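User: I would like to learn how to read the surface and the overall form of a model like this one. Could you take me through it one feature at a time?

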Amino acid sequence: MASKGLQDLKQQVEGAAQEAVTAAGAATQQVVDQTTETGQRAMDQVAKSTQETIDKTANQASEAFSGFGKKLGLLK
């Protein structure tokens, strides 16, 4: 009888340990997923900001060259 009780206790402990490992794995995966999403949003923002800066710089350069061309009489 005592052996049966110990065996049941062992199975309960093993089951609880397995559930804890599964829960920890799921929690870890959730953290990884959230970190990945946050990183992706940050990279998207960097890309957007960089593209806006490139566009602004290109427009400024175009306006500067246009003004230079007008001063030289090459453009109207």
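Analyst: Let us begin with the surface, keeping in mind that this is a predicted model. The protein exposes about 6,700 Å², and carbon and sulfur atoms supply 61% of that area.

User: What share of the 76 residues is buried?

Analyst: Buried means under 20% relative accessible area, and buried residues make up 1% of the 76 residues here.

User: Which secondary structure elements does the protein have, and what are its overall dimensions?

Analyst: The protein has one helix and zero strands. Its C-alpha atoms fill a box of roughly 105 × 10 × 10 Å along the principal axes, and the radius of gyration is 32 Å, whereas a compact globule of 76 residues would have a value near 11 Å.

User: Which residues make the nonpolar surface patch?

Analyst: Leu 6, Leu 9 and Val 13 make a patch of about 300 Å². Leu 6 is found in helix H1, which covers residues 2-71, and Leu 6 counts as exposed because its relative accessible area of 59% is over the 50% cut-off.

User: How many salt bridges are there, and which side chains meet in one?

Analyst: A salt bridge requires a side-chain nitrogen of Lys or Arg within 4 Å of a carboxyl oxygen of Asp or Glu, and the count comes to one. The side chains of Glu 14 and Lys 10 meet at 3.9 Å, N to O; both residues lie in helix H1, four residues apart, about one turn of the helix. Glu 14 is partly exposed at 44% relative accessibility, while Lys 10 is exposed at 51%.

User: How far apart do the centres of the positive and negative side chains lie?

Analyst: The protein has 8 positive and 9 negative side chains, and the centres of these two sets lie 17 Å apart.

Methods. Residues are numbered from 1 along each chain as its sequence is written. This is a predicted model: local features need pLDDT of at least 70, side-chain atom pairs count only at pLDDT 80 or more; totals for chains, interfaces and linings use all residues. Side-chain values use heavy atoms; hydrogens and water are left out. Patches are made of residues with over 30% relative accessible area and no salt bridge: like charges are joined within 9 Å, nonpolar side chains (Val, Leu, Ile, Met, Phe, Trp, Tyr) within 5 Å. Accessible areas come from the Shrake-Rupley method with a 1.4 Å probe; for residues, only the protein chains shown count as cover. Helices (H or I, at least four residues) and strands (E, at least two) are DSSP runs, numbered from the N terminus. Buried means under 20% relative accessible area, exposed over 50%, partly exposed in between (1.4 Å probe, protein chains only). The radius of gyration is taken over C-alpha atoms; the globule rule is 2.2 Å times the number of residues to the power 0.38. Lys and Arg count as positive and Asp and Glu as negative; His and the chain ends are not counted. The place of a charge is taken as NZ of Lys, CZ of Arg, CG of Asp or CD of Glu.
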